[in-house]
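Please look through the sequence and the model below, with attention to the open spaces in the protein and to the ligand.

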Amino acid sequence: MTSVPARLPVDATTTSAWGSLTELSKNLQPDLRGWFAADPARAQRMSHQAADLHVDLSKNLLDDEVLASLLTLAEEVGLAERRDAMFAGEHINVTEDRAVLHTALRRPSDEPLTVDGQDVTADVADELAKVYAFAEKVRSGEWTGVTGEPVRTIVNIGIGGSDLGPVMAYEALEPYVAAGLECRFVSNIDPTDVAQKTADLDPTTTLFIVASKTFGTLETLTNARLARDWLWRSLVAAGAIEDSEEGRADAVAKHFVAVSTALDKVEAFGIDPENAFGFWDWVGGRYSVDSAIGTSLAVAIGPDAFAEFLGGFHAMDEHFRTTSFESNVPVLMGLLNVWYVNFRDAHTHAVLPYAQQLHRFPAYLQQLTMESNGKSVRWDGTPVTSDTGEVFWGEPGTNGQHAFYQLIHQGTRTIPADFIAVANPAYPLADAVGDGGAVAAGADVHGLFLANFFAQTKALAFGKTADEVRAEGVAEDLVSAKVFSGNRPTTSILAPALTPAVLGQLVALYEHITFVQGVVWGIDSFDQWGVELGKKLALEIAPAVAGDEAALAAQDPSTAALITKYRALRA
Ligand code: F6P
C-alpha cells in the first residue's frame, strides 16, 4: 500500500474527453449574456457550497457539454483513484518516494491512519500538543527571556513554505492575535530584511522561531545566525547577559526555538531539541502551514483558534474526498483551470481577494500552485503532453482595479480570475457623512467595498456593447475604445467571515485544485527539483563574488562580466 504506485500517468491528451474538449472549444462561442438569458437558473445550477464557502462558477466560459466532458476527463485520468491514494498515504510523490499527507495534519485525532508502519494521526496529535503547550506558555507569560520578561515579539525566520503560509495566515487572522503580541517574519537573505525587522526590537522580549523543513536552507540559516548575533550583541549591550559562552547559550535557550524535520541539525545550531517542534517528510513545505511550521500563528492566535483553522482544512478535505464530482468544488475549479490552460490558451490566473486581510494570499498561492505544477515531465519521467502550470498572480481588490484590471477587462488575453470576499468584515465601519451623492450618510463601507466585487465580476462577464456605448452619447470615433467585450471568466467565492476555519477551508480548496490539475497533467505536484540548480550555482558563485579570481574565471562570459561589474561598483 505504501510503495511507489506502479500505475503510469494516463496521457490526458489521448482520452476521449480530451478529443471532445478540443472540438467543443473550436466551436464554442462564449456568450454569457445569451447563456444567462436562455437559462435564468444558470447561477443557481452552477453555484456550490463547500463547507462555509459559497462558490459561483456560472460566470465561467463553459456550457453543459464542456462541463460533462471535463467530468469525463476526470474519470479517464483516474482522479478519484489518485485522490484516494493521496489520502491513504501511498507514495504518490514518486520522484522523492514519499507519501503526501498534509491532509493527516488536520485529521481528527480519533481517526488513526497507519502509513509506512506508523500511526501518523497519533504522531500529529503528539506534536500538536507540544506546539499548543508552548503557545500557552508564551501567551501566559510563563515563557520568559533572560531577564524574566515575557515575550512580546515573535520573529519567524523561514522562507518559501516556512514563511509564506505563516505570514499569510497571521495577516489574515490579525483580529484574532492576542493583545500585546506581535509576529514579524524574516525571509530574504537580503540583509535589509533582518536589519529592518530587528531594528526597533527589545531583545529581552523577543523570541525567534527558526522554521525550516530541511534546516539546510542558506537564507534561513544565514538569517538565523544574523539574528542570534543581534540577540547576543544587544543583550550584552543592555547588560542582560554576560559576554560569555554560558551567557550566549542561555540567550539561545530562552530566545530561540525551531521547527524542522531535521532535529539533529537544529541541535547542531545550538537549539535544544526540547525547544524544537517536528514534522515529517510527507508534509511538503508549501503544504505545511498547518503543521508545526504554523507555530508562530498558534502562539499569536492561540490553540483554540489554531484548532479551528485545522478544522476548516479538514472540512474542505472531506468535501473533496466525499462529494460527487458534479458538485465537488476543488474538482470543478481544477478542471476549469485545465479547460482554460489547455483549451482556451490562458497563460495566467488572477486571484483577487476583496479582503485586505488576505493581501498575502496571492503570494502564498504562487508557491502552492507554481512550485507544484510548474513541471515539464510527468511522474514517470516522460515529457508532459500538454501545457502545465499557469502563472498565478493577484492583489486585493479594490487596489487592483486601479492598477491592472484594465488588462483583464480589455486586453487581448483570457485571464480567468477568482474573486474572494467575506460578508462580515472584521472592522465594520460606516461613512457617517457620505459624499452627498451615491454614498449615503451612514453607508456601510464594507457594502461599498463589495459593490465593487459584484460590479467587476458583472462587467467582466457581460461587458458593454458598442450600441450601449453609443446610447450614452459617446462620439463615434471613441466608441470602440469604450466597448467591453465581456465573456471574461470569473469565479466568485463568498464566505460568511474570515474566521480561522474559513481561512483553512480556502487554503485547502486551493491545495486540492492544484492536485486536480496535477493529476490531469500526470505530473508530480509534490516535488520541486526546479529550485535546485540555482541554489547550487549560488554556492559555487559566492566565492567569485567575494573575490576568488579562479572561481570568477570559471564563469561564463556574461556572468563573469556581471560579477566583475558588481565588484567594481561595490564600495
Ligand atoms: O527552495 C524551495 C524550497 O525547498 C521550498 O519548497 C520550501 O518551502 C523552501 O525552500 C524552504 O525550505 P525549508 O523549509 O527546508 O527551509
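In this predicted model, the largest pocket has a volume of about 910 Å³. Its lining is made up of 38 residues, and those closest to the centre of the pocket are Thr214, Thr217, Val531, Glu532 and Lys535. Three elements, α9 (218-237), α15 (361-373) and α21 (532-546), are the ones that give two or more residues to this lining, and the largest share, 5 residues, comes from α21. Sorted by class, the lining of the largest pocket holds 13 nonpolar, 15 polar and 10 charged residues.

Where is the ligand that sits in a pocket? The ligand is found in the largest pocket, and the shell around the ligand contains 14 residues, of which Ser162, Ser212, Lys213, Thr214 and Thr217 come nearest. By class, the shell around the ligand divides into 2 nonpolar, 9 polar and 3 charged residues.

A polar backbone atom of Gly161 is 2.8 Å from an oxygen atom of the ligand, and a backbone N or O atom of Lys213 lies 2.7 Å from an oxygen atom of the ligand. For Gln367, by contrast, the atom concerned is a polar side-chain atom, which lies 3.1 Å from an oxygen atom of the ligand. Taken on its own, the ligand has 390 Å² of accessible area, and the protein covers 88% of that area.

The second largest pocket has a volume of about 390 Å³. It is lined by 21 residues, and Gln356, Gln357, Pro425, His446 and Phe449 lie nearest its centre. The elements that give two or more residues to the lining of the second largest pocket are β12 (417-424) and α17 (445-462), with α17 providing the largest share, 3 residues. The lining of the second largest pocket comprises 13 nonpolar and 8 polar residues, and no charged residues, whereas the lining of the largest pocket includes 10 charged residues.

Two places in the backbone remain to be described. Most residues other than glycine have a negative phi, and most peptide bonds are trans. The peptide bond from Gly397 to Thr398, however, is cis, with omega near 5 degrees, and Thr398 is placed in the loop between β11 (391-393) and α16 (405-410). Ala51, although it is not a glycine, has a positive phi of about 50 degrees, and this residue is in the loop between β1 (47-50) and β2 (53-56).

Methods: Residues are numbered from 1 along each chain as its sequence is written. This is a predicted model: local features need pLDDT of at least 70, side-chain atom pairs count only at pLDDT 80 or more; totals for chains, interfaces and linings use all residues. Side-chain values use heavy atoms; hydrogens and water are left out. A residue is near a molecule or strand if one of its heavy atoms lies within 4 Å of it. A polar contact is a pair of N or O atoms within 3.5 Å; within protein, one must be able to donate a hydrogen and the other to accept it, and residues adjacent in sequence count only if both atoms are side-chain atoms. Accessible areas come from the Shrake-Rupley method with a 1.4 Å probe; for residues, only the protein chains shown count as cover. On a 1 Å grid over the protein atoms alone, a cavity is a set of points where a 1.4 Å probe fits but cannot get out, and a pocket is an open set with protein on both sides within 12 Å along at least five of seven lines; lining residues have an atom within 4 Å of a point. A molecule sits in a cavity or pocket if more than half of its atoms lie within 2 Å of its grid points. Ala, Val, Leu, Ile, Met, Phe, Trp, Tyr, Cys and Pro count as nonpolar, Asp, Glu, Lys and Arg as charged, and the others, Gly among them, as polar. Grid points are joined across faces, edges and corners, and a volume is the space filled by probe spheres set on the points. Helices (H or I, at least four residues) and strands (E, at least two) are DSSP runs, numbered from the N terminus.
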